[in-house]
Amino acid sequence: MSTETRQIPLSSPYVDERDEELVLEVLRSGRLSLGPAIDRFEELFAEKVGAPYAAAVSSGTSGLHLLSVIAGLGAGDEAITSPYSFVASANCFIYEGATPVFADVDEQTLNLDPAAVEAAITERTKAIVAVDIFGYPCELDPLRELAGKHGLALIQDACEALGAEYRGATVGSHGVDAVFAFYPNKQMTTGEGGMVTTHDQETWRQLVSLRNQGRADGGGWLDHARLGFNYRIDDIRAALGIGQLEKLDTILSLRQRAAARYAELLAGVDGVEVPLADDADHLRSWFVYVVTLDREVDRERVIAELAEQGIATSRYLPSIHLQAYMRERYGFREGLCPVSEDLSRRTLALPFFTAIDAGDQERVAEALAAALA
Ligand SMILES: Cc1ncc(COP(=O)(O)O)c(C=O)c1O
C-alpha cells in the first residue's frame, strides 16, 4: 500500500460542537451521575421511539441481561435466538444459566425465521430473543403470536435498529420490550451505553432498581431490595446521548443517503448482492452496509485486496453457535443452522458511517468491483 493512500475506516462516530457543549455542561455542573441529564435522555428517547418508559443502561448487553433477569430466565430454561447476530443476544440469558437454542434465519432478511422458531419450541422454552440484524426489523407480529400462544417472553434486541419501522410503526413502539445500544459504531453514540424501552410500568420499575444495585424506590443509598447490578449510565454519557438524539433525524437520513449511493454504485457489479431493500412492512435503519458475495468468490482475497488500498472491511457476522466457547460448552457443530452458516462465509461489511464521503464510497465500490472482476 502506498504511504499516500488515505485509509477509509469501517465506521466513525458523528459528534459535533453541540455534543461537546452538552458534555461540558455536565462536567461543570458537578452532577456526574444519577443526575438530571439521564432523566432528560430517557424522556427524549422514549418519545422518539414511541414507548411510554425508557431506562438508560451502561450498554446494550446490560440491557439485554436485565430483561433476561426480569423474564425469570434461569437454569433448566431454554431461550430461542438467532445465530446470525452479535454474541450479546445469546450471552444475555446464558449469564442467568439458561440454555441457548438457535433457530435458523431467513436468507433474505437475515433475521429469525418464525417457522424455525416455532419448530424449536419445547416444554422448556421460556423466551425468544429476536434481533433486528443490521437495522432490518425482525418479524415481530408472527413472533409475538408465537410468544403469546406458548406463554413465552419476547425480548427485542434492537441494538442495531434505532429508527427502524415495522408495519409502519417505530421499533420500540409495538409494546415489546426492546433494547438499543450506543457503542460508537451505532447510529447514535454515548461512547458506551444502552437503553431499554418498555410499555409496562412494573418492568420499568424493576429495570431502574436492577441497574442500580437493586436499590428500591424510596429506599436509602444502602438499602437493597434485590440482587442488582451496576449497569448505570452516567450523566456525561447521557448528555452526549441528548446531543445525538437532537440530530438523529439528520443522522438517519445521511445514512440512508449513503446506503442508496452504495446500492447505485454496486448495481452493475457481478458477484455481489446488496442489502435487502425495504418493503411495506420493513423500514431499515442503516447501521452497517453488509454485502453478500457469490459462493464462488474468495472472500479472503477480496478483503486483502481492499486492505491493500486502505479500505477497512469486516467479516460480519460469524454464526454464534460456532464460536469456540459455544462449541465447547454446548457441543454445537456445523450444520445446525445452514442458512446462517452460509451467510457467515459470504457476508462482508464495507466502510459505512454517517459522514462517509461520496468520493470514498466510489473508491470502495471501484475496489470491490476490481476485486470481483
Ligand atoms: C445485535 C446486537 N446486540 C447486542 C449488542 C450489544 O451492545 P453493547 O456493545 O452496547 O453491549 C450489539 C452491539 O454491539 C449488537 O449489535
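E165 has T170 as its bridge partner in strand 7. This is a predicted model: local features need pLDDT of at least 70, side-chain atom pairs count only at pLDDT 80 or more, and totals for chains, interfaces and linings use all residues. Residues are numbered from 1 along each chain as its sequence is written, and side-chain values use heavy atoms, with hydrogens and water left out.

- Two bridges connect strand 6 (residues 165-166) with strand 7, and the two run antiparallel. Strands here are DSSP runs of E with at least two residues, helices are runs of H or I with at least four, and both are numbered from the N terminus. Two strands count as paired if DSSP finds at least two bridges between them.
- Three strands make an open sheet in the order 7-6-11, with antiparallel pairing. Its edges are strand 7 (169-170) and strand 11 (282-283), each of which pairs on one side only.
- What holds strands together in general? Strands of a sheet pair through backbone hydrogen bonds, either parallel or antiparallel.

**Around the ligand**

- The ligand has 14 residues around it, and the closest are G60, T61, D157, E160 and K186. To count as near, a residue needs a heavy atom within 4 Å of the molecule.
- That shell splits into six nonpolar, five polar and three charged residues. For the record, Ala, Val, Leu, Ile, Met, Phe, Trp, Tyr, Cys and Pro count as nonpolar, Asp, Glu, Lys and Arg as charged, and the others, Gly among them, as polar.
- Helix 3 (residues 60-70) gives the most to this shell, with three residues.
- A ligand nitrogen atom is 2.6 Å from an N or O atom in the side chain of D157.

- Y316 and L317 are joined by a cis peptide bond, with omega about -10°. You'll find L317 in the loop between helix 10 (299-308) and helix 11 (324-330).
- F134 isn't glycine, yet its phi is positive, near 55°. F134 sits in the loop between strand 4 (125-131) and helix 6 (140-150).

Terms used: Polar contact = N/O pair within 3.5 Å; in protein donor to acceptor, adjacent residues only side chain to side chain.
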